[in-house]
Amino acid sequence: MCGIFGYIGKKDAENLLIEGLENLEYRGYDSAGIAISNNNKVDIIKHAGKVEELKKVLKEKHLLGNVGIAHTRWATHGLPSELNAHPHTDILKKVTIVHNGIIENYLELKKEYNLKTITQSDTEVIASLLAIMPEKDNLEKIKNATKLFKGTYALAIIFSNEPNIIYLAKKESPLMVGKSGDDIFISSDANAFKKYCKDFYILKNNEFAKIKYNKIEFFNKSKKINKKINKFLNTFSFENKNKYLMQDEIVQTPDALRETATFFNNFKNIKNYFNNVNKIYLVACGTAYHSCLFGKKYLEFLNIPIFTEIASEFKYSKHLIDKNTLCIFVSQSGETADTLSCVKKCKCKTLAITNVPNSSITFACKKTILMKAGWERAVASTKAYSCQLLVFYLLKCLLKNEKAKTNTLIRKSKEYLNKLNLKSLASKVLNYEKIMFIGRQGDYITAKESALKLKEISYINCTACPSGELKHGTLALVDDKTLIFLISTQKNLISKNLLTKEEIEARGGKCLIAGDFDEADIVLPHLSSDLMPIISILPFQSLACEVSIQKGYNPDKPRNLSKSVTVE
Ligand code: F6R
(Lines give C-alpha, C1' and ligand atoms only; values in the text may rest on other atoms or scores of the structure.)
Protein backbone atom coordinates (compact mmCIF):
# COMPACT_ATOMS: atom_id res chain seq x y z
CA MET A 1 0.00 0.00 0.00
CA CYS A 2 1.59 3.22 -1.21
CA GLY A 3 4.91 3.39 -2.98
CA ILE A 4 7.92 5.63 -2.39
CA PHE A 5 10.54 6.44 -5.00
CA GLY A 6 13.48 8.84 -4.90
CA TYR A 7 16.48 9.84 -6.98
CA ILE A 8 19.72 11.79 -6.54
CA GLY A 9 22.24 11.99 -9.37
CA LYS A 10 23.15 13.94 -12.48
CA LYS A 11 20.12 13.01 -14.56
CA ASP A 12 16.80 14.85 -14.67
CA ALA A 13 14.83 13.43 -11.78
CA GLU A 14 11.34 13.85 -13.26
CA ASN A 15 11.34 11.00 -15.79
CA LEU A 16 13.06 8.62 -13.39
CA LEU A 17 10.58 9.40 -10.64
CA ILE A 18 7.64 8.81 -12.96
CA GLU A 19 9.10 5.54 -14.19
CA GLY A 20 9.62 4.50 -10.56
CA LEU A 21 6.01 5.38 -9.70
CA GLU A 22 4.75 3.37 -12.66
CA ASN A 23 6.68 0.36 -11.38
CA LEU A 24 5.22 0.89 -7.92
CA GLU A 25 1.67 1.57 -8.97
CA TYR A 26 0.64 -1.96 -7.97
CA ARG A 27 1.06 -0.72 -4.36
CA GLY A 28 -1.61 1.95 -4.70
CA TYR A 29 -3.11 4.10 -7.37
CA ASP A 30 -5.56 6.64 -6.02
CA SER A 31 -3.22 9.64 -6.24
CA ALA A 32 0.41 10.38 -6.99
CA GLY A 33 2.90 13.22 -6.68
CA ILE A 34 6.53 14.26 -7.03
CA ALA A 35 8.77 16.86 -5.37
CA ILE A 36 12.00 18.04 -7.02
CA SER A 37 14.67 20.34 -5.57
CA ASN A 38 15.74 23.13 -7.85
CA ASN A 39 17.70 26.30 -7.06
CA ASN A 40 17.23 26.00 -3.32
CA LYS A 41 13.51 25.45 -3.50
CA VAL A 42 11.38 22.35 -3.63
CA ASP A 43 8.65 22.22 -6.29
CA ILE A 44 5.74 19.84 -5.85
CA ILE A 45 3.17 18.55 -8.31
CA LYS A 46 0.53 16.06 -7.25
CA HIS A 47 -2.72 14.79 -8.61
CA ALA A 48 -5.69 12.59 -7.69
CA GLY A 49 -5.94 9.44 -9.78
CA LYS A 50 -3.41 7.16 -11.41
CA VAL A 51 0.19 8.04 -12.34
CA GLU A 52 -1.13 8.49 -15.90
CA GLU A 53 -3.04 11.56 -14.67
CA LEU A 54 0.06 13.00 -13.02
CA LYS A 55 1.97 12.50 -16.28
CA LYS A 56 -0.61 14.60 -18.12
CA VAL A 57 -0.06 17.47 -15.67
CA LEU A 58 3.72 17.17 -16.01
CA LYS A 59 3.43 17.44 -19.80
CA GLU A 60 2.18 20.98 -19.29
CA LYS A 61 4.61 21.94 -16.53
CA HIS A 62 7.95 20.13 -16.14
CA LEU A 63 9.84 20.05 -12.86
CA LEU A 64 13.59 20.54 -13.33
CA GLY A 65 16.24 19.22 -10.97
CA ASN A 66 18.34 16.18 -10.06
CA VAL A 67 17.06 15.48 -6.56
CA GLY A 68 13.51 14.29 -6.01
CA ILE A 69 11.05 12.17 -4.08
CA ALA A 70 7.78 10.68 -5.31
CA HIS A 71 4.80 8.76 -4.03
CA THR A 72 1.86 6.74 -5.28
CA ARG A 73 -0.88 6.58 -2.69
CA TRP A 74 -3.52 4.20 -1.46
CA ALA A 75 -5.69 6.21 0.91
CA THR A 76 -5.73 5.29 4.58
CA HIS A 77 -6.18 8.69 6.28
CA GLY A 78 -8.23 11.14 4.26
CA LEU A 79 -9.99 10.78 0.94
CA PRO A 80 -8.03 10.12 -2.24
CA SER A 81 -7.67 13.74 -3.41
CA GLU A 82 -5.02 16.12 -4.65
CA LEU A 83 -4.88 17.77 -1.22
CA ASN A 84 -4.27 14.49 0.59
CA ALA A 85 -1.81 13.17 -2.02
CA HIS A 86 1.90 13.08 -1.13
CA PRO A 87 4.40 14.78 -1.02
CA HIS A 88 3.22 16.75 2.01
CA THR A 89 4.83 19.81 3.55
CA ASP A 90 4.48 21.83 6.73
CA ILE A 91 2.63 25.10 6.38
CA LEU A 92 5.86 27.09 5.76
CA LYS A 93 7.20 24.49 3.30
CA LYS A 94 10.38 23.89 5.30
CA VAL A 95 9.96 20.13 5.11
CA THR A 96 8.75 18.03 2.16
CA ILE A 97 7.95 14.43 2.84
CA VAL A 98 6.59 11.17 1.39
CA HIS A 99 5.41 8.48 3.77
CA ASN A 100 4.25 4.87 3.73
CA GLY A 101 2.61 3.46 6.84
CA ILE A 102 0.36 4.95 9.48
CA ILE A 103 1.12 7.23 12.41
CA GLU A 104 -1.57 6.09 14.83
CA ASN A 105 -1.13 8.96 17.30
CA TYR A 106 -1.07 11.76 14.71
CA LEU A 107 -4.12 13.50 16.18
CA GLU A 108 -2.59 13.47 19.68
CA LEU A 109 0.69 14.86 18.28
CA LYS A 110 -1.17 17.54 16.35
CA LYS A 111 -2.91 18.66 19.54
CA GLU A 112 0.09 18.38 21.84
CA TYR A 113 2.41 20.38 19.58
CA ASN A 114 -0.31 22.72 18.32
CA LEU A 115 0.46 21.88 14.69
CA LYS A 116 -1.32 23.76 11.92
CA THR A 117 -2.39 21.43 9.13
CA ILE A 118 -4.67 21.73 6.10
CA THR A 119 -5.09 18.12 4.97
CA GLN A 120 -6.63 15.02 6.54
CA SER A 121 -3.36 13.12 6.28
CA ASP A 122 -1.25 11.81 9.16
CA THR A 123 1.81 12.54 6.97
CA GLU A 124 1.29 16.28 7.11
CA VAL A 125 1.59 16.03 10.88
CA ILE A 126 5.05 14.43 10.46
CA ALA A 127 6.19 17.30 8.20
CA SER A 128 4.75 19.91 10.58
CA LEU A 129 6.38 18.29 13.60
CA LEU A 130 9.79 18.10 11.88
CA ALA A 131 9.48 21.77 10.95
CA ILE A 132 9.25 22.80 14.62
CA MET A 133 11.85 20.43 16.07
CA PRO A 134 14.41 22.57 17.93
CA GLU A 135 17.56 20.60 16.95
CA LYS A 136 19.92 22.28 14.49
CA ASP A 137 20.89 19.10 12.70
CA ASN A 138 18.19 17.66 10.43
CA LEU A 139 19.11 14.04 11.13
CA GLU A 140 18.76 14.69 14.89
CA LYS A 141 15.36 16.29 14.22
CA ILE A 142 14.24 13.09 12.47
CA LYS A 143 15.66 10.82 15.16
CA ASN A 144 13.88 12.74 17.90
CA ALA A 145 10.61 13.17 16.04
CA THR A 146 10.35 9.46 15.20
CA LYS A 147 10.68 8.67 18.93
CA LEU A 148 7.26 10.31 19.32
CA PHE A 149 5.52 8.23 16.65
CA LYS A 150 3.25 5.28 17.38
CA GLY A 151 2.80 3.29 14.22
CA THR A 152 4.71 2.42 11.09
CA TYR A 153 6.65 4.49 8.62
CA ALA A 154 8.98 4.59 5.67
CA LEU A 155 9.90 8.25 5.17
CA ALA A 156 11.81 10.15 2.49
CA ILE A 157 12.35 13.77 3.51
CA ILE A 158 13.83 16.90 1.94
CA PHE A 159 14.49 19.95 4.16
CA SER A 160 14.42 23.31 2.37
CA ASN A 161 17.66 24.31 4.15
CA GLU A 162 19.42 21.24 2.69
CA PRO A 163 17.63 20.85 -0.64
CA ASN A 164 20.18 18.48 -2.14
CA ILE A 165 19.92 15.88 0.60
CA ILE A 166 17.28 13.18 1.03
CA TYR A 167 16.86 11.77 4.52
CA LEU A 168 15.26 8.39 5.15
CA ALA A 169 13.74 6.76 8.22
CA LYS A 170 12.10 3.37 8.53
CA LYS A 171 9.97 1.35 10.92
CA GLU A 172 8.04 -1.70 9.63
CA SER A 173 7.32 -0.29 6.13
CA PRO A 174 9.99 -1.36 3.62
CA LEU A 175 12.62 1.09 2.28
CA MET A 176 15.63 0.36 0.09
CA VAL A 177 18.49 2.27 -1.51
CA GLY A 178 20.30 1.33 -4.74
CA LYS A 179 23.45 2.86 -6.22
CA SER A 180 24.70 2.66 -9.77
CA GLY A 181 27.68 4.89 -10.57
CA ASP A 182 26.67 8.41 -9.57
CA ASP A 183 22.97 7.58 -9.52
CA ILE A 184 21.26 6.81 -6.22
CA PHE A 185 17.73 5.42 -6.11
CA ILE A 186 15.35 5.02 -3.19
CA SER A 187 12.28 2.84 -3.20
CA SER A 188 9.82 0.91 -1.09
CA ASP A 189 10.40 -2.03 -3.48
CA ALA A 190 13.89 -2.61 -4.90
CA ASN A 191 12.32 -4.11 -8.05
CA ALA A 192 11.34 -0.58 -9.00
CA PHE A 193 15.02 0.37 -9.57
CA LYS A 194 16.32 -3.09 -10.50
CA LYS A 195 16.74 -1.97 -14.12
CA TYR A 196 19.45 0.50 -13.00
CA CYS A 197 21.22 -1.15 -10.05
CA LYS A 198 22.90 -4.51 -9.50
CA ASP A 199 22.78 -4.30 -5.73
CA PHE A 200 21.02 -2.42 -2.98
CA TYR A 201 20.81 -1.68 0.75
CA ILE A 202 17.81 -2.50 2.94
CA LEU A 203 16.98 -0.24 5.86
CA LYS A 204 16.05 -2.10 9.04
CA ASN A 205 13.67 -0.85 11.71
CA ASN A 206 14.86 2.31 13.46
CA GLU A 207 17.57 2.96 10.89
CA PHE A 208 18.10 6.23 9.04
CA ALA A 209 19.96 7.38 5.94
CA LYS A 210 21.40 10.67 4.74
CA ILE A 211 21.84 10.69 0.98
CA LYS A 212 23.53 13.31 -1.13
CA TYR A 213 25.14 13.29 -4.55
CA ASN A 214 27.27 10.11 -4.79
CA LYS A 215 27.20 9.53 -1.02
CA ILE A 216 25.00 7.36 1.20
CA GLU A 217 25.41 7.31 4.98
CA PHE A 218 23.42 5.03 7.29
CA PHE A 219 22.70 5.52 10.99
CA ASN A 220 20.92 3.74 13.79
CA LYS A 221 19.46 5.60 16.76
CA SER A 222 22.89 6.34 18.24
CA LYS A 223 25.63 6.19 15.60
CA LYS A 224 26.73 5.91 11.98
CA ILE A 225 26.66 2.31 10.75
CA ASN A 226 27.93 0.23 7.85
CA LYS A 227 25.37 -1.85 6.03
CA LYS A 228 25.69 -5.02 4.04
CA ILE A 229 24.92 -4.81 0.37
CA ASN A 230 22.34 -7.15 -1.18
CA LYS A 231 22.45 -8.58 -4.68
CA PHE A 232 19.31 -9.02 -6.74
CA LEU A 233 18.44 -12.70 -7.16
CA ASN A 234 18.36 -13.82 -10.77
CA THR A 235 14.88 -14.54 -11.85
CA PHE A 236 13.46 -15.79 -15.11
CA SER A 237 13.02 -13.18 -17.78
CA PHE A 238 9.65 -12.73 -19.38
CA GLU A 239 8.13 -10.54 -21.98
CA ASN A 240 5.01 -8.49 -21.50
CA LYS A 241 2.97 -9.94 -24.34
CA ASN A 242 -0.55 -8.96 -23.38
CA LYS A 243 -2.37 -5.76 -22.63
CA TYR A 244 -2.68 -6.54 -18.93
CA LEU A 245 -0.10 -7.72 -16.39
CA MET A 246 -2.53 -10.27 -14.99
CA GLN A 247 -2.79 -11.99 -18.39
CA ASP A 248 1.02 -12.13 -18.59
CA GLU A 249 1.37 -13.36 -15.03
CA ILE A 250 -1.03 -16.27 -15.57
CA VAL A 251 0.90 -17.27 -18.71
CA GLN A 252 4.15 -17.11 -16.71
CA THR A 253 2.88 -19.78 -14.27
CA PRO A 254 4.80 -22.74 -15.81
CA ASP A 255 8.10 -20.77 -15.71
CA ALA A 256 7.37 -19.65 -12.17
CA LEU A 257 6.70 -23.26 -11.15
CA ARG A 258 9.91 -24.46 -12.80
CA GLU A 259 12.03 -21.75 -11.12
CA THR A 260 10.39 -22.35 -7.74
CA ALA A 261 10.89 -26.13 -7.97
CA THR A 262 14.60 -25.70 -8.83
CA PHE A 263 15.18 -23.05 -6.17
CA PHE A 264 13.50 -25.23 -3.53
CA ASN A 265 16.66 -27.40 -3.55
CA ASN A 266 18.34 -24.61 -1.56
CA PHE A 267 15.92 -25.10 1.31
CA LYS A 268 16.19 -28.85 1.87
CA ASN A 269 17.65 -28.35 5.36
CA ILE A 270 14.23 -27.16 6.44
CA LYS A 271 13.46 -30.85 6.99
CA ASN A 272 15.39 -30.72 10.28
CA TYR A 273 13.24 -27.82 11.45
CA PHE A 274 10.26 -30.18 11.49
CA ASN A 275 11.96 -32.47 14.05
CA ASN A 276 9.95 -32.59 17.29
CA VAL A 277 7.22 -30.32 15.92
CA ASN A 278 4.05 -31.16 17.84
CA LYS A 279 1.53 -29.02 15.95
CA ILE A 280 1.43 -26.61 13.03
CA TYR A 281 -0.42 -23.35 12.47
CA LEU A 282 -0.72 -22.12 8.88
CA VAL A 283 -1.44 -18.39 8.86
CA ALA A 284 -2.10 -15.98 5.98
CA CYS A 285 -4.63 -13.68 4.30
CA GLY A 286 -6.76 -13.89 1.15
CA THR A 287 -5.33 -16.02 -1.61
CA ALA A 288 -2.33 -16.98 0.52
CA TYR A 289 -4.80 -18.28 3.13
CA HIS A 290 -6.33 -20.52 0.48
CA SER A 291 -2.90 -21.96 -0.21
CA CYS A 292 -2.65 -22.67 3.55
CA LEU A 293 -5.88 -24.69 3.30
CA PHE A 294 -4.10 -26.84 0.72
CA GLY A 295 -0.95 -26.78 2.87
CA LYS A 296 -2.90 -28.51 5.61
CA LYS A 297 -3.93 -31.26 3.18
CA TYR A 298 -0.35 -31.72 1.97
CA LEU A 299 1.02 -31.96 5.52
CA GLU A 300 -1.77 -34.04 7.06
CA PHE A 301 0.33 -37.23 6.73
CA LEU A 302 2.47 -35.93 9.64
CA ASN A 303 -0.34 -37.02 11.96
CA ILE A 304 -0.04 -33.99 14.20
CA PRO A 305 -2.66 -31.28 14.72
CA ILE A 306 -2.59 -28.72 11.89
CA PHE A 307 -4.64 -25.54 12.11
CA THR A 308 -5.28 -23.00 9.34
CA GLU A 309 -5.94 -19.44 10.44
CA ILE A 310 -6.77 -16.15 8.74
CA ALA A 311 -4.12 -13.74 10.04
CA SER A 312 -6.54 -10.95 10.99
CA GLU A 313 -8.41 -13.47 13.17
CA PHE A 314 -5.40 -15.39 14.49
CA LYS A 315 -3.98 -12.42 16.32
CA TYR A 316 -7.09 -12.06 18.48
CA SER A 317 -7.48 -15.76 19.32
CA LYS A 318 -5.96 -17.89 22.04
CA HIS A 319 -3.56 -20.56 20.85
CA LEU A 320 -1.72 -23.53 22.28
CA ILE A 321 1.71 -22.41 21.19
CA ASP A 322 4.80 -23.88 22.83
CA LYS A 323 8.43 -24.20 21.78
CA ASN A 324 7.69 -27.22 19.59
CA THR A 325 4.89 -25.53 17.70
CA LEU A 326 5.64 -24.50 14.12
CA CYS A 327 3.85 -21.48 12.68
CA ILE A 328 4.06 -21.19 8.90
CA PHE A 329 3.29 -17.76 7.44
CA VAL A 330 2.47 -17.60 3.74
CA SER A 331 2.67 -14.25 1.98
CA GLN A 332 3.44 -13.41 -1.63
CA SER A 333 4.61 -9.91 -0.78
CA GLY A 334 6.10 -10.70 2.62
CA GLU A 335 4.72 -7.32 3.75
CA THR A 336 1.08 -7.99 4.69
CA ALA A 337 0.58 -6.22 8.01
CA ASP A 338 -2.01 -8.67 9.38
CA THR A 339 0.33 -11.59 8.78
CA LEU A 340 3.40 -9.75 10.03
CA SER A 341 1.69 -8.86 13.30
CA CYS A 342 0.98 -12.59 13.87
CA VAL A 343 4.65 -13.52 13.37
CA LYS A 344 5.56 -11.15 16.16
CA LYS A 345 3.05 -12.83 18.45
CA CYS A 346 4.49 -16.32 17.96
CA LYS A 347 7.35 -17.21 20.28
CA CYS A 348 7.95 -20.59 18.67
CA LYS A 349 9.37 -22.06 15.47
CA THR A 350 8.44 -19.76 12.58
CA LEU A 351 8.73 -20.37 8.85
CA ALA A 352 7.93 -17.86 6.10
CA ILE A 353 6.91 -18.89 2.60
CA THR A 354 7.23 -15.72 0.51
CA ASN A 355 7.97 -14.54 -3.00
CA VAL A 356 9.96 -11.47 -1.98
CA PRO A 357 13.44 -11.87 -0.53
CA ASN A 358 14.34 -9.51 2.31
CA SER A 359 10.71 -8.68 2.97
CA SER A 360 9.52 -7.88 6.50
CA ILE A 361 7.97 -11.32 7.07
CA THR A 362 11.17 -13.10 5.99
CA PHE A 363 13.14 -10.93 8.44
CA ALA A 364 10.66 -11.61 11.24
CA CYS A 365 10.54 -15.41 10.78
CA LYS A 366 13.33 -17.71 11.94
CA LYS A 367 13.32 -19.69 8.65
CA THR A 368 12.23 -18.89 5.12
CA ILE A 369 11.40 -20.80 1.98
CA LEU A 370 11.60 -18.39 -0.91
CA MET A 371 9.57 -18.93 -4.05
CA LYS A 372 10.71 -17.73 -7.43
CA ALA A 373 7.44 -16.75 -9.06
CA GLY A 374 9.02 -13.57 -10.40
CA TRP A 375 7.66 -10.10 -9.74
CA GLU A 376 3.87 -10.23 -9.35
CA ARG A 377 2.38 -6.82 -9.95
CA ALA A 378 -1.27 -7.36 -10.89
CA VAL A 379 -3.30 -6.98 -7.70
CA ALA A 380 -4.93 -10.41 -8.05
CA SER A 381 -2.43 -13.08 -7.12
CA THR A 382 -2.13 -15.85 -9.72
CA LYS A 383 1.31 -17.37 -10.45
CA ALA A 384 2.36 -16.81 -6.82
CA TYR A 385 -0.64 -18.83 -5.59
CA SER A 386 0.34 -21.71 -7.87
CA CYS A 387 3.91 -21.54 -6.52
CA GLN A 388 2.65 -21.50 -2.91
CA LEU A 389 0.80 -24.76 -3.58
CA LEU A 390 3.91 -26.16 -5.25
CA VAL A 391 6.05 -25.31 -2.19
CA PHE A 392 3.65 -27.21 0.06
CA TYR A 393 3.76 -30.16 -2.34
CA LEU A 394 7.58 -30.08 -2.41
CA LEU A 395 7.67 -29.82 1.37
CA LYS A 396 5.49 -32.90 1.61
CA CYS A 397 7.77 -34.83 -0.78
CA LEU A 398 10.84 -33.71 1.17
CA LEU A 399 9.42 -34.72 4.54
CA LYS A 400 8.17 -38.05 3.18
CA ASN A 401 11.38 -38.78 1.25
CA GLU A 402 9.34 -39.01 -1.93
CA LYS A 403 10.49 -37.96 -5.38
CA ALA A 404 8.67 -34.80 -6.53
CA LYS A 405 7.13 -35.10 -9.99
CA THR A 406 7.17 -31.54 -11.22
CA ASN A 407 8.21 -32.00 -14.86
CA THR A 408 4.82 -33.29 -16.00
CA LEU A 409 3.08 -30.52 -14.07
CA ILE A 410 5.16 -27.85 -15.76
CA ARG A 411 4.75 -29.33 -19.25
CA LYS A 412 1.00 -29.91 -18.91
CA SER A 413 0.31 -26.49 -17.43
CA LYS A 414 2.22 -24.86 -20.31
CA GLU A 415 0.36 -26.86 -22.97
CA TYR A 416 -2.95 -26.14 -21.25
CA LEU A 417 -2.37 -22.39 -20.96
CA ASN A 418 -1.18 -22.18 -24.56
CA LYS A 419 -4.55 -23.30 -25.86
CA LEU A 420 -6.78 -21.84 -23.15
CA ASN A 421 -9.32 -19.36 -24.53
CA LEU A 422 -12.21 -18.47 -22.28
CA LYS A 423 -13.55 -15.44 -24.12
CA SER A 424 -16.85 -17.03 -25.04
CA LEU A 425 -17.33 -18.58 -21.58
CA ALA A 426 -16.64 -15.16 -20.04
CA SER A 427 -19.34 -13.55 -22.16
CA LYS A 428 -21.81 -16.21 -20.89
CA VAL A 429 -20.91 -15.37 -17.27
CA LEU A 430 -22.13 -11.85 -17.92
CA ASN A 431 -25.65 -13.19 -18.58
CA TYR A 432 -26.11 -14.42 -15.01
CA GLU A 433 -26.94 -12.50 -11.85
CA LYS A 434 -25.50 -15.03 -9.42
CA ILE A 435 -22.27 -16.99 -9.78
CA MET A 436 -21.21 -19.81 -7.47
CA PHE A 437 -18.20 -22.09 -7.30
CA ILE A 438 -18.61 -25.45 -5.63
CA GLY A 439 -16.53 -28.57 -5.05
CA ARG A 440 -15.64 -31.16 -2.47
CA GLN A 441 -12.42 -31.43 -0.45
CA GLY A 442 -9.51 -29.80 -2.33
CA ASP A 443 -11.88 -28.78 -5.13
CA TYR A 444 -13.82 -26.73 -2.57
CA ILE A 445 -10.62 -24.81 -1.78
CA THR A 446 -10.16 -24.17 -5.51
CA ALA A 447 -13.79 -23.02 -5.55
CA LYS A 448 -13.06 -20.51 -2.77
CA GLU A 449 -10.01 -19.17 -4.59
CA SER A 450 -11.94 -18.99 -7.88
CA ALA A 451 -14.75 -17.00 -6.25
CA LEU A 452 -12.24 -14.58 -4.68
CA LYS A 453 -10.53 -14.06 -8.06
CA LEU A 454 -13.79 -13.35 -9.86
CA LYS A 455 -15.25 -11.01 -7.25
CA GLU A 456 -12.08 -8.97 -6.70
CA ILE A 457 -11.57 -7.95 -10.31
CA SER A 458 -15.05 -8.16 -11.87
CA TYR A 459 -17.11 -6.94 -8.85
CA ILE A 460 -19.60 -9.80 -9.39
CA ASN A 461 -21.10 -11.01 -6.15
CA CYS A 462 -20.13 -14.66 -6.15
CA THR A 463 -19.70 -17.26 -3.46
CA ALA A 464 -18.11 -20.63 -2.88
CA CYS A 465 -19.86 -23.53 -1.19
CA PRO A 466 -18.88 -27.16 -0.50
CA SER A 467 -20.99 -29.17 -2.98
CA GLY A 468 -22.52 -31.28 -0.23
CA GLU A 469 -23.57 -28.18 1.75
CA LEU A 470 -25.66 -26.78 -1.09
CA LYS A 471 -28.76 -28.69 -0.01
CA HIS A 472 -28.40 -27.38 3.56
CA GLY A 473 -29.41 -23.83 2.71
CA THR A 474 -27.59 -22.24 -0.22
CA LEU A 475 -29.67 -24.09 -2.80
CA ALA A 476 -32.40 -21.54 -1.97
CA LEU A 477 -30.42 -19.02 -4.06
CA VAL A 478 -30.47 -21.18 -7.17
CA ASP A 479 -32.78 -20.16 -10.02
CA ASP A 480 -32.48 -19.54 -13.75
CA LYS A 481 -30.26 -16.51 -13.12
CA THR A 482 -27.64 -18.64 -11.38
CA LEU A 483 -24.49 -20.08 -12.93
CA ILE A 484 -22.57 -22.63 -10.86
CA PHE A 485 -19.09 -23.90 -11.64
CA LEU A 486 -18.66 -27.34 -10.14
CA ILE A 487 -15.01 -28.35 -9.80
CA SER A 488 -14.59 -32.10 -9.92
CA THR A 489 -11.07 -33.50 -10.07
CA GLN A 490 -11.45 -36.51 -7.77
CA LYS A 491 -12.48 -39.71 -9.55
CA ASN A 492 -14.25 -41.21 -6.53
CA LEU A 493 -16.48 -38.14 -6.22
CA ILE A 494 -17.65 -37.79 -9.83
CA SER A 495 -20.95 -39.63 -9.34
CA LYS A 496 -21.77 -37.54 -6.24
CA ASN A 497 -20.94 -34.39 -8.20
CA LEU A 498 -23.25 -35.42 -11.06
CA LEU A 499 -26.08 -35.71 -8.53
CA THR A 500 -25.30 -32.19 -7.33
CA LYS A 501 -25.49 -30.98 -10.94
CA GLU A 502 -28.96 -32.51 -11.23
CA GLU A 503 -30.06 -30.79 -8.00
CA ILE A 504 -28.97 -27.46 -9.46
CA GLU A 505 -30.55 -27.98 -12.86
CA ALA A 506 -33.84 -29.13 -11.29
CA ARG A 507 -34.03 -25.60 -9.81
CA GLY A 508 -33.39 -23.94 -13.18
CA GLY A 509 -29.73 -23.15 -12.47
CA LYS A 510 -26.95 -23.66 -14.99
CA CYS A 511 -24.13 -25.95 -13.84
CA LEU A 512 -20.79 -26.25 -15.67
CA ILE A 513 -18.34 -28.91 -14.56
CA ALA A 514 -14.58 -28.40 -14.61
CA GLY A 515 -12.78 -31.74 -14.42
CA ASP A 516 -10.06 -33.95 -15.82
CA PHE A 517 -12.44 -36.13 -17.85
CA ASP A 518 -13.75 -35.76 -21.42
CA GLU A 519 -17.40 -35.11 -20.52
CA ALA A 520 -16.52 -32.05 -18.43
CA ASP A 521 -17.55 -28.61 -19.73
CA ILE A 522 -14.10 -27.23 -18.88
CA VAL A 523 -11.70 -30.09 -19.56
CA LEU A 524 -8.57 -30.02 -17.39
CA PRO A 525 -5.38 -31.99 -18.04
CA HIS A 526 -5.04 -35.04 -15.85
CA LEU A 527 -2.37 -35.16 -13.16
CA SER A 528 -1.91 -36.98 -9.86
CA SER A 529 -4.34 -35.78 -7.17
CA ASP A 530 -1.48 -33.97 -5.37
CA LEU A 531 -0.81 -31.78 -8.38
CA MET A 532 -4.35 -31.26 -9.68
CA PRO A 533 -5.01 -28.14 -7.52
CA ILE A 534 -2.12 -26.36 -9.24
CA ILE A 535 -3.75 -26.98 -12.63
CA SER A 536 -7.43 -26.66 -11.72
CA ILE A 537 -7.17 -23.01 -10.63
CA LEU A 538 -5.74 -21.91 -14.01
CA PRO A 539 -9.01 -21.70 -15.98
CA PHE A 540 -10.68 -19.75 -13.17
CA GLN A 541 -7.85 -17.23 -12.91
CA SER A 542 -8.10 -16.72 -16.68
CA LEU A 543 -11.88 -16.59 -16.59
CA ALA A 544 -11.87 -13.91 -13.87
CA CYS A 545 -9.40 -11.86 -15.90
CA GLU A 546 -11.43 -12.20 -19.10
CA VAL A 547 -14.74 -11.32 -17.38
CA SER A 548 -13.12 -8.22 -15.88
CA ILE A 549 -11.84 -7.12 -19.30
CA GLN A 550 -15.19 -7.79 -20.98
CA LYS A 551 -16.89 -5.67 -18.30
CA GLY A 552 -14.55 -2.85 -19.29
CA TYR A 553 -12.38 -2.91 -16.16
CA ASN A 554 -8.64 -2.99 -15.74
CA PRO A 555 -8.02 -6.35 -13.98
CA ASP A 556 -4.59 -5.20 -12.80
CA LYS A 557 -5.97 -2.37 -10.69
CA PRO A 558 -9.32 -3.29 -9.14
CA ARG A 559 -11.22 -0.72 -7.13
CA ASN A 560 -10.80 -0.66 -3.36
CA LEU A 561 -7.86 -3.09 -3.36
CA SER A 562 -4.11 -2.80 -3.48
CA LYS A 563 -1.43 -5.41 -3.89
CA SER A 564 0.49 -5.13 -0.69
CA VAL A 565 -1.82 -4.53 2.29
CA THR A 566 0.51 -2.93 4.80
CA VAL A 567 -2.18 -1.75 7.21
CA GLU A 568 -3.98 -3.92 9.76
C1 F6R B 1 -6.09 -11.85 -3.94
C2 F6R B 1 -4.93 -11.35 -3.28
C3 F6R B 1 -4.99 -11.11 -1.81
C4 F6R B 1 -3.67 -11.48 -1.16
C5 F6R B 1 -3.65 -11.09 0.33
C6 F6R B 1 -2.36 -11.52 1.00
O7 F6R B 1 -5.85 -12.07 -5.29
O8 F6R B 1 -3.93 -11.13 -3.90
O9 F6R B 1 -6.05 -11.79 -1.22
O10 F6R B 1 -3.47 -12.85 -1.30
O11 F6R B 1 -3.81 -9.72 0.45
O12 F6R B 1 -1.27 -10.96 0.36
P13 F6R B 1 0.19 -11.55 0.57
O14 F6R B 1 0.21 -12.90 -0.04
O15 F6R B 1 1.11 -10.59 -0.10
O16 F6R B 1 0.41 -11.62 2.05
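Colleague: Is the crossing of H7 and H14 left-handed or right-handed?
Modeller: Helices (H or I, at least four residues) and strands (E, at least two) are DSSP runs, numbered from the N terminus. A crossing is right-handed if the near helix is turned clockwise from the far one by less than a right angle, and left-handed if anticlockwise. The crossing of H7 and H14 is left-handed.

Colleague: What kind of model is this?
Modeller: Residues are numbered from 1 along each chain as its sequence is written, and side-chain values use heavy atoms, with hydrogens and water left out. Local features need pLDDT of at least 70, side-chain atom pairs count only at pLDDT 80 or more, and totals for chains, interfaces and linings use all residues; the model is predicted.

Colleague: Are H7 and H14 roughly parallel or antiparallel to each other?
Modeller: Axes are lines fitted to C-alpha atoms, for helices over the stretch in contact, with angles from 0 to 180 degrees between N-to-C directions. The axes of H7 (residues 253-263) and H14 (residues 406-419) come within 8 Å and cross at roughly 165 degrees. Under 35 degrees counts as roughly parallel, over 145 as roughly antiparallel, 65 to 115 as roughly perpendicular, and the rest as oblique. H7 and H14 are therefore roughly antiparallel.

Colleague: Which residues of H14 does H7 meet?
Modeller: Contact means heavy atoms within 4.5 Å. From H7 come Thr 253, Pro 254, Asp 255, Leu 257, Arg 258 and Ala 261. They meet Thr 406, Leu 409, Ile 410, Ser 413, Lys 414 and Leu 417.

Colleague: How are H9 and H13 oriented to each other?
Modeller: The axes of H9 (residues 286-299) and H13 (residues 383-400) come within 9 Å. They cross at roughly 20 degrees, and this crossing is right-handed. H9 and H13 are therefore roughly parallel.

Colleague: How far is an oxygen atom of the ligand from an N or O atom in the side chain of Ser 333?
Modeller: The ligand is surrounded by 13 residues (a heavy atom within 4 Å). Its oxygen atoms also include one 2.7 Å from a polar backbone atom of Gln 332 and one 2.9 Å from a backbone N or O atom of Ser 381. For the side chain of Ser 333, the distance is 2.6 Å.

Colleague: With which side chain does the side chain of Thr 117 make a polar contact?
Modeller: Thr 117 sits in the loop between H3 (106-112) and H4 (122-132). A polar contact is a pair of N or O atoms within 3.5 Å; within protein, one must be able to donate a hydrogen and the other to accept it, and residues adjacent in sequence count only if both atoms are side-chain atoms. At 2.9 Å, the partner is Lys 110.
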